[in-house]
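Hi everyone, thanks for coming. Let me put the sequence and the structure up on the screen, and then I'll walk you through them.

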Amino acid sequence: MSLEPFIAFLYILHLRKSSKTFASLQQWDKVFIGLLLAIAFLFVIEVVFSAGFIIKWLWHLLMLFIITATFKLPELSRFKTIMLAVLPLAVILLLKDLIKPFTDQFFVSIKNLLNYTFPLATTWLIALSIIWTRQQKALEKERQLRLAEEQQHKIVEARKMELELLVAERTAQLTRQKEELENALVDLQTTQKQLIQSEKMASLGELTAGIAHEIQNPLNFVNNFSEVSVELLDELKDGPLHNLPQAEQEEVEVIINNLTQNLEKINHHGKRADAIVKGMLQHSRSSSAEKEPTDINALVDEYLRLSYHGLRAKDKLFNASIKTNFDENVGAVEVVPQDIGRVFLNLLNNAFYAVTEKKKNLAGTYEPTVSVSTRRLDDAIEIVVKDNGNGIPQVVAEKIFQPFFTTKPTGQGTGLGLSLSYDIIKAHEGEIKVETKEGECTEFTISLPLNIIPDI
Amino acid sequence: MKILVVDDEPDMQTLFQQRFRKEIKEHKVDFAFAISGEEALSYLNKHEHEAVLILSDINMPGMSGLELLQHIKEKYAVPPPVVMMITAYGDSENYNQAMRLGADDFLTKPIDFAVLKEKLKIENNA
Ligand SMILES: Nc1ncnc2c1ncn2[C@@H]1O[C@H](COP(=O)(O)OP(=O)(O)OP(=O)(O)O)[C@@H](O)[C@H]1O
Ligand SMILES: [Mg+2]
């Protein structure tokens with residue numbers, strides 16, 4: 001009975017087992033199984049038919065094959081140690097069988113030598129096998145450790161990713177919060193400015209109202225007396241004047257005419273002052289009128305006509321094209337119609353004035369145009385009055401909402417239109433804004449909140 | 001017709017006299033003046049049987065025009081004289097109160113005399 005089949009069998013078994021850890025061996029699994037079956041088959045045949053005399057040579061061949069394969073194939077190189085352990089024994093067994101037929105003294109001594117070395121080779125095999133197994137176990141342990149480490153690493157890596165994501169998220173959140181805060185700050189600052197402004201305006205309003213009230217009475221006297229004096233002079237001219245001698249009549253008439261003129265001037269300027277006083281009173285007057293649902297488009301349209309025809313009546317040459325773009329969804333909004341109408345009227349008058357002024361300086365190609373549009377937003381409506389007049393220079397634009405600020409020639413504007421508009425819009429909790437390109441256009445935008453009660 | 005003008009501004013008298021000089025000359029109207037509510041009341045007491053139209057300012061030191069209106073409408077029962085109040089421009093508060101106290105008509109300052117004359121004719125006919 002031979003040793004080789006056992007060694008080969010065990011070796012191949014070991015290879016199969018190792019293929020679980022070393023993937024490169026898996027492709028040969030079928031070969032391994034085939035070899036194992038072949039070994040088992042041959043072994044059975046050897047035992048059953050006592051065919052050792054032939055099969056032992058197969059065993060030798062098998063051993064040679066296994067040893068060569070192990071040394072030649074790179075995939076099996078790690079098993080060289082085992083072959084190193086097997087090699088002496090395999091050689092001894094092979095030599096023994098090779099020299100069996102020879103009976104010379106020389107061969108007998110070799111045979112003896114082989115018999116002596118046989119236990120050594122066997123011990124060598126066993127010792128190396130034990131060392132090998134130990135090594136393998138240590139390696140396996142190492143591998144497990146590495147695997148665990150890798151696992152750990154993966155977990156750490158995943159955690160790191162998670163953390164990074166979290167950090168990115170937090171950073172985004174913080175940036176957003178920072179932006180929100182910045183916006184809030186800007187809002188606060190504007191509100192503060194507005195508050196200071198409205199505070200100033202309130203006290204100024206009270207003051208001007210008081211002054212206006214006080215001035216009103218004396219002014220009325222000025223106007224009334226100048227008027228009645230003109231009447232008296234007229235009477236004088238119609239009656240008593242004719243009783244004077246002819247020569248004096250003329251001289252007196254000249255004087256009377258001068259007096260009439262002067263009185264008319266007094267009355268004219270008195271009326272001017274009266275308009276200013278009225279404007280001031282309008283300003284400070286707390287609107288007694290009630291808010292009511294008002295069709296904004298219709299209101300705009302009404303005041304557009306009023307403004308246009310009003311200017312037309314004053315100036316026959318006045319002309320401008322009007323463009324309207326009304327958003328049907330604007331509908332009815334809760335406002336004080338007279339007040340909001342006053343705002344429209346002033347914006348429209350200003351716009352028509354601006355285009356007329358531009359036309360005066362630009363003959364020919366210029367087409368004065370005023371466009372009015374309304375727009376429904378989510379929780380507000382917008383009314384935009386735009387003109388292609390001369391625009392407003394930056395320095396002027398800063399002041400247009402101040403009371404009494406006007407660039408119109410003396411007597412033509414009180415400069416109260418926009419400041420009154422501003423107050424009215426504020427009272428409606430709305431906003432009025434101006435955008436302008438110098439020399440090109442001016443656009444006033446009013447937005448009025450809709451105060452929609454949110455359904456909860 | 002007798003018109004009692006109540007205003008703390010003495011120049012009102014001159015103004016009325018000049019504005020209505022023709023009507024006064026023709027004896028269509030006759031003016032009496034008072035520079036306070038109190039004076040107006042004492043005038044009314046003295047001339048109880050005169051048919052009077054009262055034209056009163058509201059803002060006056062002492063008795064205000066509104067108080068005067070109230071007195072007149074309460075005391076001079078049958079029939080109380082016609083009282084026109086002169087309200088300042090845009091003074092809706094006083095206007096509303098005068099309305100409640102039974103003022104018959106209103107004028108706003110500055111007084112438009114053409115309008116006033118028109119109204120007086122109607123009051124005359126009424
Ligand atoms: N559409 C416009 N184009 C150019 N300038 C404008 C326009 N609207 C207003 N402004 C400028 O703003 C100033 C102030 O306007 P605001 O309506 O307050 O007073 P005003 O028009 O001058 O006087 P009032 O309104 O009493 O007649 C104007 O004098 C003008 O300089
Ligand atoms: Mg204006």
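One term before we start: buried area is the accessible area, taken with a 1.4 Å probe, that two parts lose on being put together, summed over both. By that definition chain A and chain B bury about 1700 Å² between them, with 53% of it on carbon and sulfur atoms. On the side of chain A, Phe221(A), Asn224(A) and Phe225(A) lose the most area to chain B, together 30% of what that side buries.

A word on what you are looking at. This is a predicted model, where local features need pLDDT of at least 70 and side-chain atom pairs count only at pLDDT 80 or more, while totals for chains, interfaces and linings use all residues. Residues are numbered from 1 along each chain as its sequence is written, chains are lettered from A and ligands numbered from 1 in the order in which they are written, and side-chain values use heavy atoms, with hydrogens and water left out.

Let's stay with the interface. Counting a contact as heavy atoms within 4.5 Å, 17 residues of chain A are in contact with 18 residues of chain B. There are 5 residue pairs in polar contact across it, both residues at pLDDT 80 or more; a polar contact here is a pair of N or O atoms within 3.5 Å, where within protein one must be able to donate a hydrogen and the other to accept it, and residues adjacent in sequence count only if both atoms are side-chain atoms.

Which elements of chain A give two or more residues to the side that touches chain B? They are helix H5 (105-238) and helix H6 (246-284), and H5(A) supplies the largest share, 12 residues. Helices here are DSSP runs of H or I with at least four residues, and strands are runs of E with at least two, numbered from the N terminus. By class, this side of chain A has 5 nonpolar, 7 polar and 5 charged residues. For those classes, Ala, Val, Leu, Ile, Met, Phe, Trp, Tyr, Cys and Pro count as nonpolar, Asp, Glu, Lys and Arg as charged, and the others, Gly among them, as polar.

Now the charges. A salt bridge is a side-chain nitrogen of Lys or Arg within 4 Å of a carboxyl oxygen of Asp or Glu. The count over all chains is 21, and between chain A and chain B it is 4. One to look at is Glu227(A) with Arg19(B), at 2.9 Å from N to O. Glu227(A) lies in helix H5 of chain A and Arg19(B) in helix H1 (residues 11-19) of chain B, so this pair joins two chains.

Is Arg19(B) buried or exposed? At 5% relative accessibility Arg19(B) counts as buried, whereas Glu227(A) is partly exposed at 31%. The cut-offs are under 20% relative accessible area for buried, over 50% for exposed, and partly exposed in between, with a 1.4 Å probe and protein chains only.

Inside chain B, Asp105(B) forms a salt bridge with Lys119(B), the closest N and O atoms being 3.2 Å apart. Asp105(B) is in strand E5 (residues 105-108) and Lys119(B) in helix H6 (residues 113-125) of chain B, so the pair ties together parts that are 14 residues apart in sequence. Shared partners also link Glu227(A), Glu231(A), Glu235(A), Lys271(A), Arg19(B) and Arg21(B) into one network of salt bridges.

Chain B as a whole has 6 helices and 5 strands, in the order β-α-α-β-α-β-α-β-α-β-α along the sequence. Of its 126 residues, 47% count as buried.

Last stop, the metal. The magnesium ion (ligand 2) is coordinated by OD1 of Asn346(A) and OD1 of Asn350(A), at 2.2 to 2.4 Å. Donors are N, O and S atoms within 2.8 Å of the metal (3.2 Å for Na, K and Ca), and water is not among the atoms, so sites may look incomplete. Both asparagines sit in helix H8 (residues 337-361) of chain A, 4 residues apart, about one turn of the helix.

Asn346(A) is buried, at 15% relative accessible area, and a polar contact of 3.5 Å joins its side chain to that of Ser421(A). Ser421(A) is in helix H10 (residues 417-427) of chain A and is itself buried, at 1%. Leaving out residues up to four places away in sequence, Ser421(A) touches Val343(A), Asn346(A) and Ile432(A).
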